[in-house]
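Open the structure in your viewer and keep the selection tool ready. This tour goes stop by stop.

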Amino acid sequence: MTSTAPVTKNTALTIEKVGGRIGAVISGVRLGGGLDEATVAAIRAAVLEHKVVFFRDQQHLDADEHEAFGRLLGEPVAHPTVPSVDGRYAFAVDNDHGGRANQWHSDVTFVPAFPAFSILRAEVVPPYGGNTLWANTAAAYAGLPEPLRVLAESLRGVHTNDYDYAAARPEAPSAELLRHRKVFTSTKFETEHPVVRVHPETGERVLLLGNFLQKLAGLRSSDSRAVVGVLQSHVERPENTVRWQWRTGDVALWDNRATQHYGVDDSDDHERTLRRVTIDGDVPVGADGRRSLLLSPESVPEPAHGIASGASTGGALTEV
């Protein structure tokens, strides 16, 4: 399915779906900070509709223009614990900095106002493997049987960055595990979110789960794991997902409020380097009208590299 969205008097975007429930390729645009308002509005509308959109052949983008494009969508934010090597919002995601994930997650859900959008561009891609998958959490909610919807809407989940990284990646070297724990949990966050969030722009109800979800409030650990497993299985259903095979110069833009993603670690020791900018979000509101709540720490420190991220402490997670 291809659609053409008028942008300016002399320009039009072409939007082609790549999956029935999630994903589209946008062509006819050169990304950067100089895009006009109509173009930005069309791109924003596309990502809200398709959840993740892809742009080919954007090799011209550097860190400055990557960030400049991000500012057209909102305020870039830094990661609350992971430092940026060069002090930029567009920081590297590679083999040594969280590029091997093998976990479904939405970025930085351990803080109250986690990122609204993420913009990822490929600099170096391996000769095989290294794909990223996205899942539509609005479609996952919509597909739940009515009894599960009612249950999910009544639940609250505690998200934390102090999760069992060794269990998530049992094959990772012990030195890497220690380094990850020291940096990633330099400040330990816990936030209680509604399991079903009302999207602030589309009004859709979405499932708010992922690997940062530690437990469901009010349930025993065994019951919590069982319920989360059932709900998460609907997110991961193949018809709710799309898989992207990266090429150098590709850019992916996704709605972090309505998706989960999964970076596949299957490219052996080949280099894989991408850069990501994340755009600040807002505090989720559940189907019952209750907002998310920061449980700890009581006060939020400045980001690790000194770039202020605002009271929301949103930011990019380095696992893609």
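Begin with Glu 123, which is partly exposed at a relative accessible area of 31% (buried means under 20%, exposed over 50%, partly exposed in between, with a 1.4 Å probe and protein chains only). The model is predicted, so local features need pLDDT of at least 70 and side-chain atom pairs count only at pLDDT 80 or more, while totals for chains, interfaces and linings use all residues. Residues are numbered from 1 along each chain as its sequence is written, and side-chain values use heavy atoms, with hydrogens and water left out.

**Stop 1**

The term salt bridge stands for a side-chain nitrogen of Lys or Arg within 4 Å of a carboxyl oxygen of Asp or Glu. Arg 275 lies in strand 17 (residues 273–279) and Glu 123 in strand 7 (residues 117–124), so the pair ties together parts that are 152 residues apart in sequence. Strands here are DSSP runs of E, at least two residues long, and helices are runs of H or I, at least four; both are numbered from the N terminus. Arg 275 is buried, with a relative accessible area of 18%.

**Stop 2: strand 7 and its partners**

Now select strand 7. Six of its eight residues are buried. Which strand does strand 7 pair with over seven bridges? That is strand 17, and the sense is antiparallel. Two strands count as paired if DSSP finds at least two bridges between them. Pick Leu 120 and look across to strand 17: Arg 276 stands opposite.

Next, show strand 15 (residues 251–255). Five bridges join strand 15 to strand 7, and the two run antiparallel. Arg 121 has Val 251 as its bridge partner there.

Strands of a sheet pair through backbone hydrogen bonds, either parallel or antiparallel.

**Stop 3**

Zoom in on strand 10 (residues 190–194). Three bridges pair strand 10 with strand 18 in the antiparallel sense. Thr 191 faces Leu 294 of strand 18.

Stay with strand 10 and select Glu 192 together with Arg 290. Their side chains meet in a salt bridge, 3.8 Å from N to O. Arg 290 lies in the loop between strand 17 and strand 18 and Glu 192 in strand 10, so this pair ties together parts that are 98 residues apart in sequence. Glu 192 counts as buried, at 13%.

Then pick Arg 44, Glu 201, Asp 255 and Arg 257. Salt bridges that share partners join these four into one network. The structure holds 17 salt bridges.

**Stop 4**

Strand 8 (residues 132–136) is joined to strand 16 by five bridges. Find Ala 135: its bridge partner in strand 16 is Gln 260.

**Stop 3: around Gly 74**

Go to the loop between helix 2 (63–71) and strand 5 (76–77), where Gly 74 sits. Gly 74 is partly exposed, at 27% relative accessible area. Gly 74 and Thr 278 are 204 residues apart in sequence, yet 9.1 Å apart in space, C-alpha to C-alpha.
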